[in-house]
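Thanks for making the time this morning. I would like to walk you through one model, and I will stay close to what its coordinates show.

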Amino acid sequence: MDKTTYTVDVPDDRFEVLEAIRKHGKPLKLMLVGDVDSGKTTLLMFLLNSLMEEGVDVAVIDSDVGQKGILPPATISLAFPSSEVSAIGELEPSAHYFIGTTSPAQYVGEMAIGVKKLADMASGQADVVMVDTTGFVTGIGAEMKRLKAELLRPDFTLVLEHSDEMKSLKRALSPYTRILTLSVSDKARLHSPEERRAIRAGKWRDYFSGSGVADVDLREIVPTGTGLFHGSPLNVKEKRLLALIFDWVVLAGWYERGYTVVKADSGGFPRHFNRSVLHVVDFEKLSNLLVGFVDESGLCRGLGILKWINFSEMRAQVLTPLIEEDLGEVVEMRFGRIRVLENGEELGLLRREEL
Ligand SMILES: Nc1ncnc2c1ncn2[C@@H]1O[C@H](COP(=O)(O)OP(=O)(O)O)[C@@H](O)[C@H]1O
Ligand SMILES: [Mg+2]
């Protein structure tokens, strides 16, 4: 199910934007910016269907990792629609960039790079490239929009606002793009966090349905996006010493300038140590962690859910819809920062530095 459905019942200013797009030279890039539920995706679908009807080749980049329409979630996706769509989730994607979380505040670099990378792929293949974005428009969210604009240099940025709540953001974006301000439709409907979670759950479920467990050899596929697996593995003596000092069950550890340790707790007492020397990861944070399978060109071939790691043999069991053939193209298994079950239940977000 998608949050947004296609409608032509839109405010009049949308027709003016359409006219501006028609008049502008091609290829043309545009970015949509607005608060959560301000009508970005509704606007995107309106423009998309209208332009396609006129024979314009369009590309869509869905970078709204908080409420992704195109599968899979927690990635940025590129699609070239071939016919009118009634929901953005219908679009058949052609490439993805892995972000690994639904809350990208600590992933602004990846967000900007991912959009730029996919926009570069789209240019030359489409007359109009449209970028849908998250509703994260304050604080770091605003910085993220600026970075995207700075890298992408959209010809137009369509900003949806009720009154003038986007004023500062528009100013920050203005050196990089031409701003077109649009009203929020009075039909735009707010969704509660529960509704949003339920929509995301459906997306996770759809994506992972029919998945199987792949046995991943981490000697061949490089684990990235984590401090784990960096340096020389600790020997039995070193692990035993750490276990004794901190009363941990030490499952794995490495040394490279400092120690990184994967542990399970036995006692609940507080441990004091210098975090710049010892980086500690709770084993349970790794269970059902989202990972991305990345190919040589840095694109994400698909997602997986980490079910088990055998540290001594450097193997991981990962639930994924990817088949052998896709996995053969994978060079990296990138660690995400959300734990999720294949039934769609989100178990929690992790901070970037936790892994
Ligand atoms: N012009 C409109 N007519 C009917 N419903 C609308 C319109 N604009 C937005 N909505 C509804 O409001 C909700 C939020 O719009 P959406 O486009 O999903 O926002 P965003 O992408 O900014 O989060 C959706 O349920 C959408 O169907
Ligand atoms: Mg949207």
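This is a predicted model: local features need pLDDT of at least 70, side-chain atom pairs count only at pLDDT 80 or more; totals for chains, interfaces and linings use all residues.

Stepping back to the whole sheet, we have seven strands in an open arrangement, ordered β4-β3-β2-β5-β1-β6-β7, and the pairing is mixed. At the edges sit β4, residues 93–98, and β7, residues 178–183, each of which pairs on one side only. On average, and ignoring direction, neighbouring strands of this sheet are turned by 20° against each other.

Now to the helices. Helix α1, residues 13–23, lies across β1 (28–33), β5, β6 (156–161) and β7, and runs at about 155° to β7. Helix α2, residues 40–53, also packs on the sheet, where it touches β1, β2, β5 and β6, and its direction makes about 165° with that of β5.

Finally, I turn to V340, which is found in strand β17, residues 330–340. Is V340 buried or exposed? It counts as buried, because V340 has 25 C-beta neighbours inside 10 Å, and the cut-off for that label is 20 or more. Leaving aside neighbours within four places in sequence, V340 is in contact with several residues, among them W204, N288, L290 and I305. V340 and A201 are 139 residues apart in sequence, and their C-alpha atoms are 9.1 Å apart in space.

Note on methods: Residues are numbered from 1 along each chain as its sequence is written. Chains are lettered from A and ligands numbered from 1 in the order in which they are written. Two strands pair if DSSP finds at least two bridges between them. Helices (H or I, at least four residues) and strands (E, at least two) are DSSP runs, numbered from the N terminus. Axes are lines fitted to C-alpha atoms, for helices over the stretch in contact, and angles run from 0 to 180 degrees between N-to-C directions. Two residues are in contact if their C-beta atoms, placed from the backbone, lie within 7 Å. A residue is buried if 20 or more other C-beta atoms lie within 10 Å of its own, exposed if 12 or fewer, and partly exposed in between; C-beta atoms are placed from the backbone.
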